[in-house]
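Trainee: Could you take me through this model and show me how to read its backbone angles, its helix packing and its cores?

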Amino acid sequence: MHEFTATDHQLMARALRLAERGAWTTRPNPMVGCVIAHGGEVVGEGFHQRAGGPHAEVFALRQAGARARGATAYVTLEPCAHYGRTPPCALALIEAGVARVVAAMGDPFPDVDGGGFALLRQAGIEVAVGLMADRARALNRGFLSRIERGRPLVRVKLAASLDGRTAMASGESKWITGEAARADVQRWRARAGAILTGAATVLADDPALTARPEAGDFLPPLRVVLDARLRTLACARVREGDAATLYLHDPALAAPVLQGAEFAAAPLLADGRFDLAAVMALLAARGINEVHVEAGPTLCGALLRAGLADELLLYMAPLLMGEGARPLLAGLGIGRMAQAWPLEVADLRMVGGDLRLLLRPDPR
C-alpha cells in the first residue's frame, strides 16, 4: 500500500481537472491529465486533447523541459507502453529523467495493461498507483465500459414534470424544462460518442440530434437511429449538418444509398425489436465510449429493463401535467412495491429553475 502525501493529493486533483478539459475532444481515447512537479512546485502540465495528437505526458514534459529530471509526474491513467499513432509515453518519461510516477489507475486497454508501469520500474523509476482512483474511474467511465465490458456507457436523458410526465397525450412536449436545462443537455451531448434515438421519436419530432454547446471545441457525436424497417428516411433533419448519421436496420432489408447517411444491420429479437445488447456491442466496435439516449418511453424503458441503462440524466421541471400525459418510462412491468426499481442518486443540483438528477440503477 502506497503512502500519499497532501501534496500528492493536491497535484493529482489538479491532473484530474486538466484531464476533464478533453471531455469533448479525446474520444475514442480516454481523458488523461499530467502534472510534473518538484515537491509542490509545478514545472509542467498538460492534458490529452485529441486522438492522434500528443498525450498528456508529452505536453507536460515539453513545458517542464530540463526541469523534468528528478521530478514527480502525476498522471490520471497509466502511461502508454505501445507504439500507436504516437510513441510510448512511458519511454518519454524515462528519457526525461523523472524520478517518480504517481498514477491514479492502470489502463485496461490490452496494449497497455500494466506494460507502462513495468517499463518505468525496469528503468528504476518509483511507481505508486491508486491515488484518487475512484475519481479517475468516474472520469473515464465510458472508455472503461467499452474496454472492460465490450459496450459503451449508456446515459438516458429524460425531461419530466414533477408528476413524472414527459409529454401531453397529444405528444406535445415543447418545452417542459427551461433554457438553462436545455443548454446543459447540449454539453452532455457534446461529450458523447453517439446520440441515439428510435424511429418513433424521429417520425414524431424530426429532430436534428446535434450537439450545440455554447462554446468550446468538440467532436460532433455520431447520430444513431434505430429504425428496423427504415421508415424515417424522409425525415431529413437528422442528416443535416456536420455530424455523421447511422441507421441501424433489420438484416433482412437491403440498405439504400442515401447522401449523408450510412447503414448497418443489427440483430432483431423474436418480437421484432432490436437486440439492444447487440446494438451496444456494434457501437463499441466503432469506438463509441458513451451513448447519449434521447428517445421515447418505450425505448428508454427497454434499455433499463435490459440492464443497459447505466445512468439516467433526469431534468424535473416545477410543473404538473396530469394523469393523462405520457409516462417517463414504459414497459417496466412493475406491479408491486417489491418490484420497484432502486436508483442511486449520483448527483443532484439545480439547473436554472429545474432540478437535475444523475441516477444510477442498482443491479437487479
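This is a predicted model: local features need pLDDT of at least 70, side-chain atom pairs count only at pLDDT 80 or more; totals for chains, interfaces and linings use all residues.

Trainee: Which residue other than glycine has a positive phi near 35°?

Mentor: As a general idea, most residues other than glycine have a negative phi, and most peptide bonds are trans. Here Asp113 has a phi near 35°, positive although the residue is not a glycine, and Asp113 sits in the loop that runs between strand 4 and helix 4. With a relative accessible area of 53%, Asp113 is exposed. Asp206 likewise has a positive phi, of about 45°, and is found in the loop between helix 8 and strand 9, but its relative accessibility of 24% makes Asp206 partly exposed.

Trainee: Where is a cis peptide bond found?

Mentor: The bond between Arg27 and Pro28 is cis, with omega about 10°, and Pro28 belongs to the loop between helix 1 and strand 1.

Trainee: How should I read the packing of helix 2 and helix 3, and at what angle do their axes cross?

Mentor: Two packed helices are described by the angle between their axes and the distance between the axes. In this model the axes of helix 2 (residues 56–64) and helix 3 (residues 89–96) come within 9 Å and cross at roughly 20°; angles under 35 degrees count as roughly parallel, and the two helices are therefore roughly parallel to each other. The crossing of helix 2 past helix 3 is left-handed. Helix 2 contributes Glu57, Val58 and Leu61 to the contact, while helix 3 contributes Cys89, Ala92, Leu93 and Ala96. Sorted by class, this contact has six nonpolar residues, no polar ones and one charged residue.

Trainee: And which residues have the most contacts inside the largest nonpolar core?

Mentor: They are Met12, Ile36 and Val101, in a core of 49 residues, to which helix 1 gives the largest share, namely seven residues. Apart from this core lies another, of 36 residues, among them Ala228, Met280, Leu308 and Leu329. Returning to Met12, and setting aside residues up to four places away in sequence, its contacts include Tyr74, Val102, Leu131 and Met132.

Key. Residues are numbered from 1 along each chain as its sequence is written. Side-chain values use heavy atoms; hydrogens and water are left out. A nonpolar core is a set of buried Ala, Val, Leu, Ile, Met, Phe, Trp, Tyr and Cys residues joined through side-chain atoms within 4.5 Å. Buried means under 20% relative accessible area, exposed over 50%, partly exposed in between (1.4 Å probe, protein chains only). Helices (H or I, at least four residues) and strands (E, at least two) are DSSP runs, numbered from the N terminus. Contact means heavy atoms within 4.5 Å. Axes are lines fitted to C-alpha atoms, for helices over the stretch in contact, and angles run from 0 to 180 degrees between N-to-C directions. Angles under 35 degrees count as roughly parallel, over 145 as roughly antiparallel, 65 to 115 as roughly perpendicular and the rest as oblique. A crossing is left-handed if the near helix is turned anticlockwise from the far one by less than a right angle, and right-handed if clockwise. Ala, Val, Leu, Ile, Met, Phe, Trp, Tyr, Cys and Pro count as nonpolar, Asp, Glu, Lys and Arg as charged, and the others, Gly among them, as polar.
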